[in-house]
Amino acid sequence: MTSPKHHPAFQHLRSQPIDSLNLTVEEYEHRETGAKHYHLSSDNSENVFLVALRTLPTDSTGVAHILEHTALCGSEHYPVRDPFFMMIRRSLNTFMNAFTSSDWTAYPFASQNRKDFFNLMDVYLDAVFFSTLHELDFAQEGHRLEFAEADNPDTELQFKGVVFNEMKGAMSSPVSTLWQTLTKYLFPTTTYHHNSGGEPQEIPDLSYAELKAFYRTHYHPSNAILMTSGDIPATEHQQRFEERALSRFQRADKLIVVNDEKRYYAPIAIEESYALEEAEMDGDKTHIVLGWLLGHSTDLQAELRAELLSGVLLDDGAAPLRHALETTDLGTAPSPLCGLENSNREMSFMAGLEGSRPEHAAAVEQLILDTLREVAEKGVPQERVESALHQLELAQREVGGGHYPYGLQLILDALPSAIHYGDPVAALDLDEAIEQLREDIRDTDFIPALIREWFLDNPHRVRLTLKPDTELATRRDADEHARLARIKANLSAEEKQHIVTQAQQLAERQMQEDDADILPKVGLEDVPAEMPIAKGKTDTINDIPCSLYAQGTNGLIYQQVVVSLPQLDDELLAVLPYYTHCLTELGCGQRDYLETQAWQTQVSGGLSAYSSVRGKIDDVQSVSGYLIFSGKALSRNQREFAELLRTSFSDVRFDELPRIRELMAQLRAGCEQSVTGRGHSLAMQAASSGMSPTAALSHRQSGLLGIQTLKSVDDGLNETKNLTALAEKLQRLHQKILASERQFLLIGESQNLTPLMQDTATLWPATPTQDTAPFGLAKVQETVHALWTTSTSVNFCAKAYPTVPVEHPDAAPLTVLAGFLRNGFLHRTIREQGGAYGGGASQDCSTASFRFYSYRDPRLEETLQDFDRAIDWLLNEEHEPRQLEEAILGIIGQLDKPSSPAGEAKDAFHNQLHGRTPEQRQRYRQHLLTVTLEDLKRVGKTYLRAENASIAVIGNPGAAETARSLGLDIHTL
């Protein structure tokens, strides 16, 4: 193959076409520094950049994490205080972020605009390789000592800092604690022994000098991996790399590498605790997990074998290990840690239970080992192994998108191998390795041999019992207060004055107005005239409406059955989320759930069900609702997939009561674990729940009220009569769904749509529907003032105001106003000054509400006051046109953000389904581009009125006194 054009500072090592991904991977090395550059060359106009550094902490002070934050606070060519967040506002990026993993730190972004892409690259390269690392930024982002009254040394001393509070929130999650504790023992000597994010108790031990030393050691091109994806040629990237950064460096002597872990000679058993509030001790809450250390993740064949084995054991309810964990009485659900972890240098495999008791630890271990021994002795059916391989192949072929740009997903898939000096090209080009696996599995002893080698005969095994402790949070708080009291007692007068002076200097720095023109930008003139919207066509199948979208799905097909929800009474409406959760997890026809789960894994990429309820575009009090039954498959399996979809929908069984009991317990566990990760979303849901029927339903079904209700329902299911009653309600609801009008959505490459239509026509005969009343909800308009208490070290605050739906002329100004307030006021006051990990505002047109929020926030009352001050700032200050343009750019960038080919088709269809036609969406986008500063002040004055505000806060029980003083009702989650 001819060497692609590249910059002379780089050496071309190889190019590898990957037909299954429709791209070519090009590998280069910078001649002077040794920096690697991997370019994923494709025709994708969404270009992606990532620079990653190997970062290996030797303690849990969070040095890598705090450095990730601080590096983005100003650099040599961009000496402004906050270039990262300023560029978010001056860009049409489709993704911007920074990540700290266990052994690497990465700085990625994506953009569809060429000018914007190189603007961002300049800022990122400067931030990574020429960061200022100002001591006050370390104090803000990492940790600092500050008096409760910043200028009064007689008041209480406190720890503050964004990462300090972020990790307090992160480590409030039992699952995060479970993972960090398990890896601490799985890896007794290497970097994974430590919490790279930082343990809140250890973060204050990190010094500014240590941060700078870590930067000097790790943030060097010789330790860097540069990765790009898209249609911009590699040579253009390399010219920028060389001019902006690499030409100023020489090769570093030290090679940063993770050593192999020292292996145990015998398994160990550990018991530790996690913090849980007394009010949440409503049942068995202990986690029991087994973890094994396996081989190198850079060994592609071993890594794929481990993925295959994990799939065979855990892919679905019929998989032997998952079945054992789901059906045992020793716990309520399989542990969320179950499965393979393959991003570290050495892989690990976990299996266990949540909702157990400490005294069950030995029995859980025995259950897992007995199950593995049985599989090793008896083997597994060949079709189960082939199904697991099928899932690997499907995952390889599917064009992703959504949360991450597709190019970034591929880059992140390849990155761990590059970090550990493996072959990232091989990590993407899996076709040959999958074919080798296809040969390997013909040996019936293949899977049993892996189980013996990696599990049964592997002494490096940890059994962790993590039990709840209702006093732990109190002891930690007491320890922190005592530590601060000791520090304060030993402070000299000069040291106290230094703390006061630093607080004053930081406050002044946070308030300073930087010259934004130092940074590059795009403007409204760079915005495309129209947003891209997938186009489909309509047809009928046996008189049933059908929408077809021909999209480049790389050999996959997607099908949805979309049912118009009928009018539901309160009893059936209450079980709708349980129905959608159970629908794809039960048996159908003559098959029990084990056979059905195995069938799903064999012919599809999985089935799912969900409900979609939205208000009209001009009246949120009037709603429409749909039940969506969805699935995907490789096109070669389309006939079997179509049959699976039809049978699973039409002939589902609600007579499997033990299975329904398991599913409800799993649903509860997942919902309870989600609170600290999405607390800001839940708080906003609660705050806006009185503003429209859909907002009230969302809070009731998937919000805080829904979690509270689910816990009560699940507790009652231990009685057979209650379980039977639930199954009967699910069956009644299903009968109403079957009798309702339906339509189809089909997505795939054009050559695959016709046979899919034919199969659908054969399997879905015209069915007479009953004439039922259309779905509707009672009108809602009330204010909410609530504190919801749970186990958390930080708060999530929200304040909401009733506004307008998307078709109203004020919807666009309100949407822009949210970004305007976040950029100009909330980011500084909530995050920088207040210490919360995040804060902002959003206009939700679907519920006609404007919401302020904070995330992982040490404050409560002061944050709610800052929300009010943001409105005062809007109405009483003079603002620059630049601030308006930045807010509009941010909205347009997210609005135009591409998804996967299938995702874009689904997005177009479902928007149309709820009245959001392409014409309406383009019209709304045009309104956004013409919003004025006068519009912002007008809508702020009109809608953000104190008497209309609703408040919802998630905090711990210690926040109750403050909440009562603010007139909030107290609810226990």
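Tutor: Helices (H or I, at least four residues) and strands (E, at least two) are DSSP runs, numbered from the N terminus. Under that convention, Ser-15 lies in strand 1 (residues 10-18). This is a predicted model, in which local features need pLDDT of at least 70 and side-chain atom pairs count only at pLDDT 80 or more, while totals for chains, interfaces and linings use all residues. Residues are numbered from 1 along each chain as its sequence is written, and side-chain values use heavy atoms, with hydrogens and water left out.

Student: Is Ser-15 buried or exposed?

Tutor: Buried means under 20% relative accessible area, exposed over 50%, and partly exposed in between (1.4 Å probe, protein chains only). Ser-15 has a relative accessible area of 17% and is therefore buried.

Student: Which side chain does Ser-15 join in a polar contact?

Tutor: A polar contact is a pair of N or O atoms within 3.5 Å; within protein, one must be able to donate a hydrogen and the other to accept it, and residues adjacent in sequence count only if both atoms are side-chain atoms. The side chain of Ser-15 makes such a contact, of 2.8 Å, with that of His-12.

Student: What is the order of the strands in the open sheet of six strands?

Tutor: Strands of a sheet pair through backbone hydrogen bonds, either parallel or antiparallel. Two strands pair if DSSP finds at least two bridges between them. Here the order is 17-18-22-19-21-20, with mixed pairing. Strand 17 (537-541) and strand 20 are the edge strands, each pairing on one side only. Strand 17 and strand 18 (residues 544-550) are antiparallel, with five bridges, and Ile-541 stands opposite Ile-544 in strand 18.

Student: How do helix 9 and helix 16 cross, and which residues make the contact?

Tutor: Axes are lines fitted to C-alpha atoms, for helices over the stretch in contact, and angles run from 0 to 180 degrees between N-to-C directions. The axes of helix 9 (residues 300-314) and helix 16 (residues 446-456) come within 11 Å and cross at roughly 105 degrees. Angles under 35 degrees count as roughly parallel, over 145 as roughly antiparallel, 65 to 115 as roughly perpendicular and the rest as oblique. The two helices are therefore roughly perpendicular to each other. Contact means heavy atoms within 4.5 Å; the residues involved include Leu-309 and Val-312 of helix 9 and Leu-450 and Trp-454 of helix 16.

Student: Which residues of helix 20 are buried?

Tutor: In helix 20 (residues 593-603), the buried residues include Tyr-593, Trp-599 and Val-603. The buried residues of this helix pack against several elements, among them helix 10 (320-327) and strand 21 (619-634). At the start of helix 20, a side-chain oxygen of Asp-592 comes to within 3.1 Å of the backbone nitrogen of Leu-594.
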